[in-house]
Structure formats: C-alpha cells, structure tokens
Amino acid sequence: MKIVKISELSAERIVDCPKGGFTSNRILLESDGMGFGMTKTVIPVNGKQFWHYKNHLESCYCVSGKGILTNAETGEEFTIEPDVTYVLDKNDPHYFEAIEEVVLICAFNPPLKGDEVHGEDGSYPVEYKSPVYDVRSVPIDKITANDYNPNSVAPPEMELLETSIWEDGYTQPVVTVHDKEKDMYIVVDGFHRFLTLNGSERIKEREGGRLPVVVLDKNISDRMASTIRHNRARGSHNIELMSTIVSELVEMGKGDRWICQHIGMSPDELLRMKQITGVAALFANKDFSDSWDVDSEGLNDETN
C-alpha cells in the first residue's frame, strides 16, 4: 500500500503542458505498476483547446470549475461541472473550453511514463508495446467471428479445449480488431476459444459472459494476413478457405510478393492456391510460363 499526496509529488511529476496551458500532476505513472495512470489536471480559462488521445483511453472526473466539452466528430456539447465524469472510450477527438478554472482527476490506459506533453495532433506519444500488455475484458455479445478463418478443429479437440478452459481458465486472450463504428470486436485469432465461451454454459457463467481480448489496429487485408500467420505458426488450416482468402487478397490488389511476405507462403504455394480457386481473373495479365521463378526475385510485385 502507498499514500500519495499531491503536495509531496516530485518536480518530475508536475508537468506544465504548453498546449492549453494546464498543469498535470502525475499521481500514478507506468513505473508505479498499477496498469493505469492517474493525474490531477488543472485547466485555466484559456480558450477552446483540441485534444485527441489516439494512443490512450481516458476518463476524467470533475472536482471543481466549469467547462464545455465538444465531440469534434459529432459537434455534441456537454457541460462539465463538479461530479460529472466524461469517458473517452473510443479515443474520441474533442475540444475542451474552461469557462472557469477546472480541476479534473484523470485516469489513463495505458499509463503515462512521466513527462509527456501533447503533440501538434493533440495526443500524448506512446512507445510501441505488444498488444498482449493490454488485455481487455469484453462482453461476449460485443464480439463476433470473422468470415474468413481458415483454421479448423476436430470435435475431440474442441471437447479437450472446453475441458482445458474449464480446468485452467483462459490462459491466452483472443486476438481481435475493434470496429469503432459498430463498437464490435471481430476475431482475428482465437475463434475456437470464443466459440467455447459461447457454447459452454458452465464456462460462460463462470466467466461472467466476458472474454479476454487484445486488439490489433488492422485493415481488412492485413487482418486476414494476421489470421493466417497465427494459424500457420500453430498448426493446420483449411486449404479451401485459404484459397478463398488468396482470391480476395488478389482482388484487393495485393501483389504476389505482398501475399508471400505477409502470410508466410512460398511462390509455389501461392501458385497452387490460385490454381485451386479456378478463378481465371487471378491470372489475368500475369505470365506464369517460363518467366515464373519460384525464387522470391521472380514474384509479381505490382503491389508491395
């Protein structure tokens, strides 16, 4: 247990932020090991300021003063006054204008490291950290399967997976991407762990209907590649579905080199997958005769 007094914070934890002219008293930092950060922020009357925490989730509780919070995307305005909390759960870009000096208690995830100040884009910088360091507990009704997973598990193995999760709990998070517009988490890897929670009443009840997930920031083609990389690194995958994904990637404009490099496929494998699909369009404007070389230098490279 520790007790923190604002009056006793070291000088390194009291940061005057030039953007907006406010003072941030860093009560809890990453080094405190709590998994979240906490600040006492004092915002003077200094006009409307733009902030956008692209790399952090933030919640702010107003202790004193009065301000106007504006959602930069929708234009909605909210009065912030004592006992009001605003939650930036979607990394919402926003404007804040202090009508009176405002004092906020703010929680950050991930926590700040120390002396960060806002950049020109209104965000705090953050060093890259693997997704596994930010596991979220998400209700099962906010998670949905993807429609392209080429991995398959036989019924006996599914029964063993259910037993394993029942006996040992979830020891690996499900990998997802977050659709902010729909506020849904789409499975990239861990579909069968997701399926087990949905299908096992005893596990669903014990887990409170929630699943541990990590979130990747991926577009649709990169998301497919992530799924295949996870599957191929671990075991078997469904050839037919793999072929379908290759077809979709080609139709998206991804070149042979990109596909091979991003999903761990050799040129020979890629050619076989294209042949399996039987879709002539995949071979349009491509020469796979004597000029085709299984060496990486011979890959088509129209998109990389």
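For the residue classes used on this tour, Ala, Val, Leu, Ile, Met, Phe, Trp, Tyr, Cys and Pro count as nonpolar, Asp, Glu, Lys and Arg as charged, and the others, Gly among them, as polar. The model on screen is predicted.

**Stop one: the cavity.** The structure holds one cavity of 30 Å³ or more, and the volume of the largest cavity is about 100 Å³. Select F22, T41, Y53, E58 and C106: of the 15 residues in its lining, these are the closest to its centre. Then colour β2 (22-28), β3 (37-43), β5 (57-64) and β10 (102-109), the elements that each give two or more residues to the lining of the largest cavity. By class, that lining is made up of 10 nonpolar, four polar and one charged residues.

**Stop two: an open sheet.** Move to the five strands ordered β11-β15-β13-β14-β12, which form an open sheet with mixed pairing. At its edges stand β11 (136-139) and β12 (143-144); each has a single partner strand, so one side of each is left without a neighbour in the sheet. For β11, look at β15 (residues 210-216): the two strands run antiparallel and are joined by four bridges.

**Stop three: T196.** Select helix α2 (residues 191-199) and find T196 within it. Is T196 buried or exposed? Its relative accessible area is 5%, and the limit for buried is under 20%, so T196 is buried. Now show what surrounds T196: leaving out residues up to four places away in sequence, it touches M158, L161, E162, I165, Y170 and I203.

How values were computed
Residues numbered from 1 in each chain as written. Predicted model: local features only at pLDDT ≥ 70, side-chain atom pairs only at ≥ 80, totals over all residues. Heavy atoms only, no water. Pairing = 2+ DSSP bridges. 1 Å grid on protein atoms, 1.4 Å probe; cavity = no way out; pocket = protein on both sides within 12 Å on 5 of 7 lines; lining within 4 Å. Points joined across faces, edges and corners; volume = space filled by probe spheres on them. Buried < 20%, exposed > 50% of the residue type's maximum accessible area, 1.4 Å probe, protein only. Contact = heavy atoms within 4.5 Å.
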